Each structure stands twice: as C-alpha cells, then as structure tokens.
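Me: I have a model open and want to go through its side-chain packing. Can we take it piece by piece?

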Amino acid sequence: RTRARVNSAIRASMEQQGFVEIETPMLIASTPEGARDFVVPSRHSPGSFYALPQSPQLFKQLAMVGGIDRYYQIARCLRDEDLRADRQFEFMQLDMEASFATQDDILEFVSEAICDAAEAVTGERPGEIPRMTWHEAQERYGSDKPDVRFGMELTEMSDIFEGTEANVFKVPCVKGILYEGGAESLGRNAIDALTDKCKRWGAKGLAWFRVGEGGALDGALTKFMSEAELAAVPERLGAKQGDMVLIIAAERRTVNHVLGLLRLELGRPPVNEGGFHFLWVTEFPLFETVSDAGNPVPAHHPFTMPHVDDVGLLESAEGDEYLDIRSQAYDLVLNGWELGSGSVRIHRPDIQAKIFETLGIGAEEAQLKFGFLLDAFKYGAPPHAGFAFGIDRLAALLAGEENIREIIAFPKTQSGADPLTNAPTAIDPDHLDELGLRVLPPSS
C-alpha cells in the first residue's frame, strides 16, 4: 500500500507538470549500459537474441527527437547483477526526459515528484533539497552518496604533516575522522578488526589515537610525531577527552574511500532513524577510469554532456587528465542510498563524435551500436536532459525498511531464485530445438 501511494503520487505529479506517459518496448537490442543484459532467444531468427531493457534511455531520447517534449514512465528494468539489499534483477524506476530543459529544470521536476511521494506516505512534505558537488561529497564524506544524517566528516590534515618525520605520514594525503566517545567504546580487539577492514578497503593500515586529558594523544605512533603535530591534530578535529582520532594516510582517492567506509561503519544510524535527508549530488566526473589502451571509461553512459567549462579539455586531456573532466550529471541521494541518476544529454553531433573517438569507438562501431539514435539526431535533436530514480528504494526508505524485498510483492531470493515458481528452471528439449539452442554440460 505504501508502494501504491508512491506510484500514485509520482504519476499525478508528473502529469501535473506536463509530462506524457509513454510505454517503451521490453524486447530490444543489446546495448552497452554498464551491466549485463538478460537475453531472450528469438525463434524466428535462430542464433539471434533480444535483450531485456536495463533502462528506456535511448527510447526516451528518441521521444525528444520525435517531438514529445516531456516524457515519463514508471518503467520495469532488468539487469543481470549480483543481488544486494538495495538491488534485485528486476526493478521499477521513474524515468523522465524533457526537451529544452537545463539541469536546474530537471532537478526541480524530480524534486517536486519526490516531495509529493514522501508527503503521500509520511504526511509531511520535505523542504527544499540541498545540493552538493561530487568533489565536495568525496572530500567531506568519502562517498558520492553521502549519508548526511550524522557528522564524523573527513578532515584534511595533509598540511599538519608537511615535513613530518613519521614515515607513515609521508604520503600525498592525510585525513582523519573524530569518533566521539570512542576511547572507551573501542577496545583493542575492535581496533584491530577496524584496521583489518581498512586494509581490505585499500589502505595500508589505520592510525588511531585515544584522546586523554587536555587533548593529549595516546597511541603507538605518537613517539614518531613532533610536539606541533601532536597539538595540531586534536585541535583540528575539536577532540576532547574520551574521543578517538582515526587517520588514513595514502593517495587522496584511497584516503577518501577508506575513511568514507569507516565513517559509515562507526556512525551510520539505522535506516528508520534520523528522518529523511534528501541530497542532490552534481558535477560527477565524465569518466571513471582509463583503460590499459589509454581510453577513458564513461562514468554514466556515452551520451552525457560534459560540463560547459570542461568541453575544451576533451581535445587536450591525456591519461589521468580525463578523470578531471566534469559532466552535467547528477544523482539523488536519500540517507546514504542512491535513489537515481540523470544527466544533460549530448545533442550536438560534433561533441558526440568526439566522445566516441575519445572512448575508442570508431564510426562503424558507433553506427552499428547506436545508429538508430545517431540517425535520428541528424534530423535535429533539441537540447534535452533526464533522470531516473528507483521506486523500490524510495518506497523501502519511506517505509523504514533496510531491504527492498520488503516492499516488492514477489521478490527474488538473495541467490536470484523465485520461491513461488522455482525459476530459473530448465527448458523442455523441444522448446530448445525450436530456438536452435543447445545447453552445454555443467563445467567440471
């Protein structure tokens, strides 16, 4: 019933804002969208397969070319990914796209629908949803989906250890977090367990200090630190007696990542505590990594418009410099869960061609994979942008549930099995013959 109220409020909100509901197909061609496709064999074309949609992305962009200036759909999407508390093979999302819309327009459209849905369930309307850049989220919280219900923010300490004699701190980046009252609640066994986790997350270790009387630090590394360093660390964090200081020293990306996870490990409240804290995260990197061949890998999809100030960098960037190029992409976060993401799309053929070239996708490959979209763009695509958020995740959080299975009528198990129909099951040999398929024997 909670889920029904969410869906009803979303539909009413989108229609009130002038959006038209369009249903897109479930049997499509396989396209690279970052996850594995579920595929369906074709009886009429043996050896060929349909794919089930990971999202209606390309179809909604075609709707913009076709003159539907505001599209929405509560769409069923399918991705062959490992299951988690916030992920099932099939899921529902609010998908929307608008022509002649800026990033600010999309954020306002979605904020209105989200607030309507939250009010329909809780009876209270959230206030204006704050915004934070991806860079700020990483530096302050070590995450692109920060849980802002509690503090324990990452604090820069690299300047404190400039010229240090402590070898452990002779690294590009040093940051710490303050665990209030941790000196008493964290015993040595607990600290050792946290250290092991930090190593698994990518750090070489965990520097820890108990805070004693007058802010004095107590820990194994204090004998390698100068008086100035010993005084500056608790002062920078505002530490007091009984607190615990936890420090990671490494490359900046590693420091932010490990401290972000450590922060959640120590301070994250249950999902149904602390109220509902929505947050927009903007200016994501356009690329997430660089391949061995030197080609960047898109962080979202290859149709995301670069930030207006960074378009020129596509021509001059090399290697890791690609990772500094920002995009006009944005995520909506609620209590540390990513609800959804979206972006301003590329509508200019010259920029799209440059992106494909940068990714190492030749003209022939681009035409083969995306020809139906690129051909449509030749007739003139309006500037457009869109967004999609997971209705399962939103309904679960509004219902105070940690696992989206609790708000799905017929969920799969953690292994991906359907307990009602026992799917997946074997297919009758005659059916396989019709499809032109043979099943390989189990690998030994």
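**Packing notes**

Reply: Start with the helices: Q138, E139 and Y141 in α4 meet R252, N256, G260 and R263 in α8. Keep in mind that this is a predicted model.

Me: What kinds of residues make up the contact of α4 with α8?
Reply: One is nonpolar, three are polar and three are charged.

Me: And at what angle do the axes of α4 and α8 cross?
Reply: At roughly 65°, and the axes come within 8 Å. Helix α4 covers residues 134–141 and helix α8 residues 252–267.

Me: R263 is in that contact. Which ring does R263 lie over?
Reply: The ring of F150, with R263 over its face at 3.9 Å from the ring centre.

Me: Switching to aromatics. How many aromatic pairs are there in the whole structure?
Reply: A search finds eleven. One of the pairs is W280 with F387: the ring centres are 5.2 Å apart and the planes are at 70°.

Me: Why is the pair of W280 and F387 edge-to-face?
Reply: Because the planes are at 70°, and the cut-off for edge-to-face is over 60 degrees.

Me: Where are W280 and F387 in the chain?
Reply: W280 is in strand β12 (residues 278–282) and F387 in strand β17 (residues 384–390).

Me: Is W280 buried or exposed?
Reply: Buried, at 1% relative accessibility. F387 is buried as well, at 0%.

Me: Which residues form an aromatic cluster with W280?
Reply: Y330, F387 and F389. F389 also turns up in the largest nonpolar core, where M96, I106, F389 and L394 touch the most other members.

Me: How many residues are in that largest core, then?
Reply: It has 65. Helix α3 (residues 103–122) gives the largest share, eight residues.

Me: What does L394 touch?
Reply: Leaving aside residues up to four places away in sequence, L394 touches V6, I114, A117, F278, L334, L339 and F389. Another core lies apart from the largest one; it has 22 residues, among them C173, L194, W208 and M244.

Me: Last topic: where is F89?
Reply: In the loop between β4 (70–78) and β5 (90–99).

Me: Buried or exposed, for F89?
Reply: F89 has a relative accessible area of 18%, so it counts as buried; the cut-off is under 20%.

Me: And which residues does F89 touch?
Reply: Not counting residues up to four places away in sequence, its contacts include F38, C77, L83 and G416.

Key. Residues are numbered from 1 along each chain as its sequence is written. This is a predicted model: local features need pLDDT of at least 70, side-chain atom pairs count only at pLDDT 80 or more; totals for chains, interfaces and linings use all residues. Side-chain values use heavy atoms; hydrogens and water are left out. Rings of Phe, Tyr and Trp (its six-membered ring) pair if their centres lie within 6.5 Å; planes under 30 degrees apart count as stacked, over 60 as edge-to-face and the rest as tilted. Helices (H or I, at least four residues) and strands (E, at least two) are DSSP runs, numbered from the N terminus. Buried means under 20% relative accessible area, exposed over 50%, partly exposed in between (1.4 Å probe, protein chains only). A charge sits over a ring if NZ of Lys or CZ of Arg is within 6 Å of the ring centre and within 35 degrees of the ring normal. Contact means heavy atoms within 4.5 Å. A nonpolar core is a set of buried Ala, Val, Leu, Ile, Met, Phe, Trp, Tyr and Cys residues joined through side-chain atoms within 4.5 Å. Axes are lines fitted to C-alpha atoms, for helices over the stretch in contact, and angles run from 0 to 180 degrees between N-to-C directions. Ala, Val, Leu, Ile, Met, Phe, Trp, Tyr, Cys and Pro count as nonpolar, Asp, Glu, Lys and Arg as charged, and the others, Gly among them, as polar.
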